[in-house]
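Q: I would like a close look at one part of this model, a charged side chain and its partner. Please then carry on to the other side-chain pairs.

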Amino acid sequence: MKNRVRRNTLDDVARLAGVSAITVSRVLRTPELVSEKTRDKVMWAVEELDYRQNQAARTLASSSSNLIGVVVPSLVNEVFVQLLEGVQSTLEPAGYQVQIGVSHYQVDEEVRQVNQFLHQNCAGVLITENLNPQFLKDIHCPAVSLMNLDDDATIPTVGFDQQSAGYELTRHLLSQGYERIGFLAAQMDRRTLLRREGFRQALSEQDINPLRLEVLSDQPSSVGQGYLLARQFQIQNLFDAVFCCNDDLAQGVMYYCHKNQIAIPDQLAIAGFNDLSASAFLYPELTTVKTPRYEIGVKGSEILLQLIQKQKPQELHLDLGYHLQARASSVKQAFVSVER
């Protein structure tokens, strides 16, 4: 068997030129944005390595492709599956091909995935973490951040106020008369931290120290993790209500309570976040925050299409809101609503 000849890559060009891969991509795509000295170094390396003989280089030198890269932290989380459905339902009819990358909640992996899309001369990028805002501004490619409302006014965003949602859910639990409200969280991603800030804000307003009421884990969020945390900390002895940062954790806590004959909400009230598809059909029905994942995917994609077409969107920072779903897992019997 003959040995295959290794083709030089964009990273090889970057190494030889002494610049970053993003800079090489920028020189090949938008040379007017790069200094003459840097352009000369990159083009010398391109010629030296005969990089233009590669199909990738020819693609980079031409107009952008119909590829749109989407980076999500997980594909096992229903939240991001529904968001991707909104993205595909909008972009594919418009003639674009959606390619998905998974960051596993890691900033380096998110950057690597975006770089891969840039190497393919993608038309645009959608991300759901924006762990490195400066990187997103520097890529000179249409991009939209989804799920959060970023503080940076220069980055288009579509999402909702995570901190406000955490605050409102905690206020709901306080309004029901619960006094020892715990915060149960896993993964500790950016959205979880914002929800925790809302939790802390609501309790601090009542002169309650929230730092003594938090059960935190850096493990991935799941039903099993919720069960294990509830069992490990015997949370029915610590709290009279618990705010779980995700519905899957809340479902695990509910299973723990059922298994140990802990009455919900009489002995322990439980609330989740995201309103997953099963949450309204649990026993008792789970109190949670309904979030517009599909709509975020649609609206974020619409803004990205406008940016690709060099149109100025009417709104660069779109807040789609959220809705508190107060159900039987936290509402005391006298207040339970039969509305579904």
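Is Arg15 buried or exposed, by its relative accessible area?

A: Arg15 is exposed, with a relative accessible area of 60%. The cut-offs are simple: buried is under 20% relative accessible area, exposed is over 50%, and partly exposed lies in between, with a 1.4 Å probe and protein chains only. This is a predicted model, so local features need pLDDT of at least 70 and side-chain atom pairs count only at pLDDT 80 or more, while totals for chains, interfaces and linings use all residues. Residues are numbered from 1 along each chain as its sequence is written, and side-chain values use heavy atoms, with hydrogens and water left out.

Start with the partner. Arg15 meets Asp12 in a salt bridge, their closest N and O atoms being 2.6 Å apart. A salt bridge here is a side-chain nitrogen of Lys or Arg within 4 Å of a carboxyl oxygen of Asp or Glu. Side chains of opposite charge can pair when their charged atoms come close. Asp12 and Arg15 are 3 residues apart in helix α1 (residues 10-17), so about one helical turn separates them. Helices (H or I, at least four residues) and strands (E, at least two) are DSSP runs, numbered from the N terminus. Asp12 is buried at 11%, whereas Arg15 is exposed at 60%.

Now the other charged pairs. The structure holds 10 salt bridges. Glu302 and Lys299 form one of them, at 3.6 Å from N to O. Both lie in helix α13 (residues 293-308), 3 residues apart, about one turn of the helix. Glu302 is partly exposed at 33%. Lys299 is partly exposed too, at 36%.

Glu214 pairs with Arg200, with 2.8 Å between the closest N and O atoms. Glu214 sits in strand β7 (residues 214-216) and Arg200 in helix α9 (residues 190-204), so this pair ties together parts 14 residues apart in sequence. Glu214 is buried, at 16% relative accessible area. Salt bridges link Arg196, Glu197, Arg200 and Glu214 in a network.

One Lys sits over a ring. Lys332 lies over the face of Tyr178, 5.0 Å from the ring centre. The rule asks for NZ of Lys or CZ of Arg within 6 Å of the ring centre and within 35 degrees of the ring normal.

Next, the rings. Rings of Phe, Tyr and Trp (its six-membered ring) pair if their centres lie within 6.5 Å; planes under 30 degrees apart are stacked, over 60 edge-to-face, the rest tilted. The count comes to 7 aromatic pairs. Phe160 and Phe273 are stacked, 6.4 Å centre to centre with 20° between the planes. Phe160 is in the loop between β5 (157-159) and α8 (162-175), and Phe273 in the loop between β9 (269-271) and β10 (288-290), 113 residues apart. Both are buried. Phe183 and Phe243 pair edge-to-face, 5.1 Å centre to centre and 85° between the planes. Phe183 belongs to strand β6 (residues 181-185) and Phe243 to strand β8 (residues 241-244), so the pair ties together parts 60 residues apart in sequence. Phe183 is buried at 0%, and Phe243 is buried at 0%.

Thr170 is buried at 0% relative accessibility.
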